[in-house]
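Hi there,

Here is the structure I promised to pass on to you.

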Amino acid sequence: PTGLRYNNDGTRMFVYQSNTAIEGYTCTAYVPVSNVYQSGLRLATTGTGITFGRAICFSSDGMILLTAGDGSNLIHYYDCGTAFDPNPATRDAAKEYNFSSVIGAGVSIADIKLLDSGRTMQVLDKTNARIYTFTLST
């Protein structure tokens, strides 16, 4: 497992289990993890170019899911039909962000954060050990 995120109240946990799927878990308590059970929420990320999934990021309202990882300079954009529920989520390629055109080749995205209610995005690049900050259009 690589990427790890919780929803706002800690009742759902999302883990990038492999290069092909994000698994959702329901938490009966925020801590400890022994109170976590698989919820059946799953998002297949095959066909995205990601060879090793690393980053999972939800918008503050849980309606947008961003993913990234090795093998792709794209941050993949998904619209969730229900807050913090990636099953089913719809990939919107028109809203995906290509870092090759901004930063250049050789970026390996390790993590993504949305700040300021989604107006600012920070990207952790593990290859160059840098954090990039972008202002997003609304």
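Below is what I found in it, topic by topic.

First, some housekeeping. This is a predicted model, so to speak of a local feature at all I needed a pLDDT of at least 70, side-chain atom pairs count only at pLDDT 80 or more, and totals for chains, interfaces and linings use all residues. Residues are numbered from 1 along each chain as its sequence is written, and side-chain values use heavy atoms, with hydrogens and water left out.

**The overall layout**

The protein has zero helices and 12 strands. Both kinds of element are DSSP runs numbered from the N terminus: helices are H or I with at least four residues, strands are E with at least two. Reading from the N terminus, you go β-β-β-β-β-β-β-β-β-β-β-β. Of the 138 residues in the protein, 42% are buried. Buried means under 20% relative accessible area, exposed means over 50%, and partly exposed is in between (1.4 Å probe, protein chains only).

**A strand that is covered on both sides**

Take a look at strand 3, residues 21–27. How many of its seven residues are buried? Seven of the seven are. On one side you will find Ala-21, Glu-23, Tyr-25 and Cys-27, and on the other Ile-22, Gly-24 and Thr-26, all of them buried. Strand 3 pairs with strand 2 (residues 12–16) in the antiparallel sense, over five bridges; two strands count as paired if DSSP finds at least two bridges between them. Within this pair, Val-15 has Glu-23 as its bridge partner.

Strands 10 and 11 (the latter being residues 120–125) are antiparallel partners over six bridges. Which residues of strand 11 stand opposite Leu-115 and Leu-114? Leu-115 faces Thr-120, and Leu-114 stands opposite Met-121. The hairpin of these two strands has four residues between them, and Asp-116 there takes a positive phi near 50°.

**Another positive phi**

Phe-84 also has a positive phi, near 55°, and it is a residue other than glycine. Find Phe-84 in the loop between strand 7 (74–82) and strand 8 (85–91). Is Phe-84 buried or exposed? Phe-84 counts as buried because its relative accessibility is 8%. Phe-84 and Ser-59 are 25 residues apart in sequence, with their C-alpha atoms 8.8 Å apart in space.

**Salt bridges**

There are three salt bridges in the structure, each one a side-chain nitrogen of Lys or Arg within 4 Å of a carboxyl oxygen of Asp or Glu.

- Glu-96 and Arg-91 meet through their side chains at 2.6 Å, N to O. Glu-96 counts as buried because its relative accessibility is 13%, while Arg-91, at 34%, is partly exposed.
- Lys-95 bridges to Asp-92, with the closest N and O atoms 3.8 Å apart. Lys-95 is partly exposed at 46%, and Asp-92 is partly exposed at 21%.
- Asp-111 pairs with Lys-113, the closest N and O atoms being 4.0 Å apart. Lys-113 is partly exposed, with a relative accessible area of 39%.

**The largest pocket**

The largest pocket holds about 410 Å³ of space. On a 1 Å grid over the protein atoms alone, a pocket is an open set of points with protein on both sides within 12 Å along at least five of seven lines, whereas a cavity is a set where a 1.4 Å probe fits but cannot get out; lining residues have an atom within 4 Å of a point. The lining here comes to 20 residues, with Tyr-77, Leu-114, Gly-118, Leu-136 and Ser-137 nearest the centre. Strand 6 (64–70) and strand 7 are the elements that give two or more residues to this lining. By class, the lining has nine nonpolar, seven polar and four charged residues.

Happy exploring!

Technical notes:
Points joined across faces, edges and corners; volume = space filled by probe spheres on them. Nonpolar A, V, L, I, M, F, W, Y, C, P; charged D, E, K, R; others polar.
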